[in-house]
Amino acid sequence: MLWRATFVVTSLIALQTFSSRTLGVRVDVLVTDGRAPVGGLRAADFEVRDNGVPQTVALLTSSEPINVVLALDVSASTDGKRQADLQRASGALLAGLKPGDRAALVTFTQAVAPRIPLTADFPAIRASFAAIQPFGETAILDGVFVALMSVQAQPGRSLVVVCTDGNDTASWLSVGEVLEAAKRSNAVIYAVSAVEARPPSELKDVSDATGGQMLQVTASRDLAAAFERILSDFRSRYTLAFTPEGVEAGGLHRLDVRVKRSGLSVKARPSYVGLSPK
Amino acid sequence: MPLVVAAILMTVALRSSAAVARDLSSTSVALLERWNSAVANHTPGKFDEAVEHVMAFSYEDRRQLDTPMRTFLLVLSGAPYEPDAALAKRVHLLARGAREHFGYEAFLTRAVMLHTDAAIAGARTSPQIVPALPPRMAGLSPLLATQRMTVNRDGEILGEIESNWNWPFARSLVGLLKIASPTDAFVGDWYHATAAYMFSRLEFAEVWEHLASARIVLPDDARILFDRGSYIDIQAMPMTQVLLRGVDLNAVQQARNGRSVPRTASAATRRAAMLEIPQKETALADAESLFRRALRADPGLAEARVRLARVLIERGHHEEALTEADAALAGNPPDVVAFYGHLFGGRAAQAAGRYDAAARYFDSALQRFPDAQSAMLARSQLALLRADVTGAAAALERLPADPRPEALEADPWTYYRYAIGREWQPLYAALRIK
């Protein structure tokens, strides 16, 4: 258990699975001053406690390529202008990706469709989405699960952008079951709800569990701005890594991430599920 | 409430036949003659001229028909009646002829089938959805009784439509039939088959009315108890509960107790106060009770057992749910029911921490329906819990990249909400043969 931080970082980059048996843990962290993300922080600026025990953290490079999964609601209610606005928003996000980044497309009605696996061929994603004919009801939780699974064993940082204009009416998986999956994933979920009334609470729960956020837009024309902001926020996040010390390896670990400077707020996953080494 | 309605019909007819006779007009009697002819000539299950004729009745036509109908049914039943005017004599002759040709129960059965076919045929054209229908005076006559139904799609309220008048009228005739022939299996068969039809169209407002009637006519019928349990079970599901999201439930409860909704209440709260949607926990408790009663009446009702298992899971009683799922599966039920048994058994086993057993249940579900998304997701999520990332990914390999609406049929979970509606056509065909 006396691995050096550099070794941990190397092994993490090689494996990139949150629940890997290397005992390495990575945490995606967003630091803001209340308005905008704050850059320029170093590993020493962070304080991470695992089940209350302080950990030695390393800061991974921020220039690492990213994976973006678009998990989009294409139920009947999105037909027409909402779908066109969603298409524009997706296009805007894809346009912001850099060489080395990859994207995937998952859509959901009652039926969840892993349409395009992670790829650098963004025009293929645009074309796939443009050809979709909305139908059916909304299985948000099932869609989120498949989106998480599409990056579960992939290298690189992963962002899942979930967008819906409704509430979950058709999922098989329960919010508890998807939360369990979220706790076992490195991906950060950002959800965008275009629901006029109260947004789906389960989506907020799942986003929070990954250290992500839920945004609410009142009109579908605002989706593009929301998607661009999500990508910008995600790129501004820090990736911390540590090898748990002084705690049991398995089970649910409570995470507490803080910044030593005052006046800054931190958004990070509140927990993770660790595995006992074989 | 067919029995009540039937009793009212008979009472009105017996007490005031003279007064009714005075209200007869040549128009109303002519309408009755056309209706009688439609009943006589209709072939059950066919959308024939008789059905078209009945479908064309306007509200005014039905109001006109209401007056002679009471006398007609009275005479048809064989009750003594002395017509004192020419129009009354025409009604008397008509009813006596129907009684002699078909008999009371057979004529009622034919009429029930005619109006059932008219209701089903009427649903072929989409009703106009309006933001809000004007309130209509509730009348005693089942010929004039319709209700406002709220239409929602995927949790979004689209507006209101008026229910089909053929249903309450058919129910009132079935009520008469039940009085005349208490042991006639047709009554139970009809309620079950027509409730299945309504489930198949997700017409829950109509199902609610329908089963409220069935509850009075057949309080201990296993199939009706099962249908009622299924209805309440669906009320507890997200597709229905979503309509209570963001709603002030105290205000809704006050409104149901007869008090007005506060002026400051949100639009969602006002709307919810008008809808008959129970809160989830209440619905689950009621569904459990109804399924248990159905099983006491008919322990072999496997689908009641698997649905009970789902309700028990929702209520956190996982071991009990597993027992019910196993009991249902032991009877080798049809594929869809077996699928539900395995799917719910798997979830119950997983929640109880018995992961190996859960995997076996999910695998069995997938053996029956290899393209069922729900079982793939269940299998994948379970693998993830067991840190088997490869297995979790493999479980999703059969998910289609470009699913079509018809692909939903590959997964019985997607039509769990249709309850017995998935079998409405054979049930209805069997009814016609009888």
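**Figure 1. Chain A at a glance: 7 helices and 14 strands.** Helices (H or I, at least four residues) and strands (E, at least two) are DSSP runs, numbered from the N terminus. This is a predicted model, in which local features need pLDDT of at least 70 and side-chain atom pairs count only at pLDDT 80 or more, while totals for chains, interfaces and linings use all residues. Residues are numbered from 1 along each chain as its sequence is written, with chains lettered from A and ligands numbered from 1 in the order in which they are written. Chain A has 278 residues, and 52% of them count as buried. Here a residue is buried if 20 or more other C-beta atoms lie within 10 Å of its own, exposed if 12 or fewer, and partly exposed in between, with C-beta atoms placed from the backbone. Take the contacts in chain A between residues at least 6 apart in sequence: 76% of these join residues at least 24 apart. Two residues are in contact if their C-beta atoms, placed from the backbone, lie within 7 Å.

**Figure 2. The two domains of chain A, domain 1 (5-61 + 238-274) and domain 2 (66-235).** These bounds come from an automatic or database domain assignment. Taken over C-alpha atoms, the domain centres are 25 Å apart. Where they meet, 16 residues of domain 1 of chain A are in contact with 15 residues of domain 2 of chain A. On the domain 1 side, strand 1 (25-32), strand 13 (265-268) and strand 14 (271-274) of chain A each supply at least two residues. By class, that side of domain 1 has 7 nonpolar, 5 polar and 4 charged residues. Ala, Val, Leu, Ile, Met, Phe, Trp, Tyr, Cys and Pro count as nonpolar, Asp, Glu, Lys and Arg as charged, and the others, Gly among them, as polar.

**Figure 3. A loop residue of chain A, A:Ala153.** Look for A:Ala153 in the loop between helix 4 and strand 8 (157-164) of chain A. A:Ala153 counts as partly exposed because it has 17 C-beta neighbours inside 10 Å. From A:Ala153 to A:Leu275 the distance is 16 Å, C-alpha to C-alpha, and the two are 122 residues apart in sequence.

**Figure 4. Where chain A meets chain B.** Here 35 residues of chain A are in contact with 33 residues of chain B. Strand 7 (112-119), helix 4 (140-149) and helix 5 (175-183) of chain A each supply at least two residues of the chain A side. That side has 16 nonpolar, 11 polar and 8 charged residues.

**Figure 5. Chain B at a glance: 22 helices and 2 strands.** The C-alpha trace of chain B spans about 85 × 55 × 40 Å along its principal axes. Of its 434 residues, 49% count as buried. Among contacts in chain B between residues at least 6 apart in sequence, 66% join residues at least 24 apart.

**Figure 6. Helix 7 (residues 104-122) and helix 8 (residues 166-180) of chain B.** The axes of these helices come within 9 Å and cross at roughly 160°. Axes are lines fitted to C-alpha atoms, for helices over the stretch in contact, and angles run from 0 to 180 degrees between N-to-C directions. Helix 7 of chain B is therefore roughly antiparallel to helix 8 of chain B; angles under 35 degrees count as roughly parallel, over 145 as roughly antiparallel, 65 to 115 as roughly perpendicular and the rest as oblique. The crossing is left-handed, a term used if the near helix is turned anticlockwise from the far one by less than a right angle, and right-handed if clockwise. Residues making the contact include B:Leu108, B:Val112 and B:His115 of helix 7 and B:Trp167, B:Phe169 and B:Leu173 of helix 8. By class, the contact has 14 nonpolar, 5 polar and 1 charged residues.

**Figure 7. A closer look at B:Thr116 in helix 7 of chain B.** With 26 other C-beta atoms within 10 Å, B:Thr116 is buried. Not counting residues up to four places away in sequence, B:Thr116 touches B:Ala170 and B:Thr194. B:Phe169 is 53 residues from B:Thr116 along the chain, and their C-alpha atoms are separated by 9.3 Å.

**Figure 8. Helix 11 (residues 222-235) and helix 15 (residues 280-297) of chain B.** These helices pack at an angle of about 160°, with their axes 8 Å apart. Helix 11 and helix 15 of chain B are therefore roughly antiparallel to each other, and their crossing is left-handed. Among the residues making the contact are B:Leu225, B:Phe226 and B:Ile232 of helix 11 and B:Leu290, B:Phe291 and B:Arg293 of helix 15. The contact has 10 nonpolar, 2 polar and 4 charged residues.
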